[in-house]
Amino acid sequence: MAETRTQQAQQAQQAEQAQRTQQAERLGRLRELAGAVPDPELPFVSLAELGVLRDVREAGEGGVEVELTPTYTGCPAIESMATDVERVLREHGVPHVTVRTVLTPPWSTDDISAEGSRKLAEAGIAPPRATGTGPVTVGLGPTRTAGDGPEAHAGPAAETAGPEPEPVRCPLCGSAATTLLSRFSSTACKALRRCESCREPFDHFKEL
Amino acid sequence: MTSTVADRPELALADDALILSHRLGQWAGHAPVLEEEVALANIALDLLGQARALYSELGDEDELAYLREERAFRNCQLVEQPNGDFAVTLVRQLFFSSWQELLYGQLTSMPLAVKAVKEVVYHRDHAEQWTLRLGDGTDESHRRAQHAVDTLWRYTGELFQPLPGLDVCWDAMRSGWEKRVTGILDRATLTVPDGPQHGGWAAGAGRQGLHTEPFGPMLAEMQHLHRSHPGAAW
């Protein structure tokens, strides 16, 4: 009698374990599917490579809850990302999909994977450098005051900025001689620069 | 909407972001150069994102943005001031983004603030560079930048009125802001006004729902579509 009970308990435990493994495998697959959804603005990088897919977890009755984090607070792409993720998971048999937007911890360009950075560069967008210093202050050209030029404006900010950050390289020719044209470009997450060697303008995914 | 929502400090912050976003949006098609057209629209988008995140925590974002009357808005009067010329817009940006950067930097338990402060650093940097360029530029740009500083100075005092419910050291906010802003104005060869940071009876009461004259028409324009076609989508 006692032996049978033990066997039963063992069987139940094994069944439970198998179910858990199955669940974990399913979540892993769904996570891959959700992560492979392309970014609507930069379709050559996936949500996983961009680092905006935070979590995929069970939410009762075979349903799934997905957590996305926006790159920028006002990024309108987050809405189509949510729709795309929901559609893909439904197509793969998930009956209920809830997509939540989370802000904590805030997304950083450091969350972009190495592969994501490589694809950005390949598409002509200079990838972000490692963060830590915030925006790089750059003077804005000649001034009214005779003889002191733009460097007069380097001022206290430049003195306290610490070591020179590495230059933003031209994604087309690799030159380090590039100039900031505008801090804000085609989307909030990019700045507009120009290469002084090949003269091509290009976008730079700015550090956040 | 309950009175609790109306009293929440987050509502005042959301209103600041929404109203300034709308003002910046009015530059679309009018900015002096294409790069600035894009820059101002991007900053407006960041601010709109802040407003939406904060409103969504408080209730229905459309209802809060489009169906409240002028007196229910708690934004500071600085953000509702008309765009004026490019110098007025950029000095308004300098005053506001310097303040918002310091404020969000202190609000370490508010997820939106922790997220948005990194974006606001870019807004402040943009405004700072333009203030330097305009103030220390041509005689004409200097004159206009000084006019902008003189015009907007009276709306800056309100920024340091404590918002009950926020864990912020307001004295530190004021001294930090004054140090930064006067430092930038000095470098831009602009004169820090010696006038008060509050105007007559009206200035300094936006947090209590008292607004300046240009606010009503702006709000009417902003809310008109939603009020005419409730629930419209495209």
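Start by selecting Arg8(B), which is partly exposed at a relative accessible area of 35% (buried means under 20% relative accessible area, exposed over 50%, and partly exposed in between, with a 1.4 Å probe and protein chains only). Arg8(B) and Glu10(B) form a salt bridge whose closest N and O atoms are 3.1 Å apart (a side-chain nitrogen of Lys or Arg within 4 Å of a carboxyl oxygen of Asp or Glu).

Before going on, a word on what is on screen: this is a predicted model, where local features need pLDDT of at least 70, side-chain atom pairs count only at pLDDT 80 or more, and totals for chains, interfaces and linings use all residues. Residues are numbered from 1 along each chain as its sequence is written, chains are lettered from A and ligands numbered from 1 in the order in which they are written, and side-chain values use heavy atoms, with hydrogens and water left out.

**Next stop: chain B as a whole**

Switch to a cartoon of chain B. You will find 10 helices and zero strands (DSSP runs numbered from the N terminus: helices are H or I with at least four residues, strands are E with at least two). Of the 234 residues in chain B, 56% are buried. Among its contacts between residues at least 6 apart in sequence, 80% join residues at least 24 apart (contact means heavy atoms within 4.5 Å).

**Now the interface**

Show both chains and select the residues in contact: 35 from chain B and 34 from chain A. Together the two chains bury about 3000 Å², 58% of it on carbon and sulfur atoms (buried area is the accessible area, with a 1.4 Å probe, that two parts lose on being put together, summed over both). On the chain B side, pick out Lys115(B), Tyr122(B) and Asp136(B), which lose the most area to chain A and together account for 26% of what that side buries.

How many salt bridges run between chain B and chain A? The count is two. Zoom in on Arg183(A) and Asp125(B), whose side chains meet in a salt bridge at 2.7 Å, N to O.

Which elements give two or more residues to the chain B side? Colour helix 3 (34-58), helix 7 (111-135) and helix 8 (139-152) of chain B to see them. Helix 7 brings the largest share, 17 residues. Colour that side of chain B by class and you get 13 nonpolar, 11 polar and 11 charged residues (Ala, Val, Leu, Ile, Met, Phe, Trp, Tyr, Cys and Pro count as nonpolar, Asp, Glu, Lys and Arg as charged, and the others, Gly among them, as polar).

**Last stop: chain A**

Select Glu86(A) and Arg90(A), a salt bridge with its closest N and O atoms 3.3 Å apart. Glu86(A) and Arg90(A) sit four residues apart in helix 3 (residues 77-91) of chain A, so they are separated by about one helical turn. Glu86(A) is partly exposed, at 28%, and Arg90(A) is partly exposed too, at 43%.

Finish with Glu65(A) and Arg57(A), whose side chains meet in a salt bridge at 2.8 Å, N to O. Glu65(A) counts as buried at 19% relative accessibility, while Arg57(A) is partly exposed at 28%. Over all chains, the structure holds 33 salt bridges.
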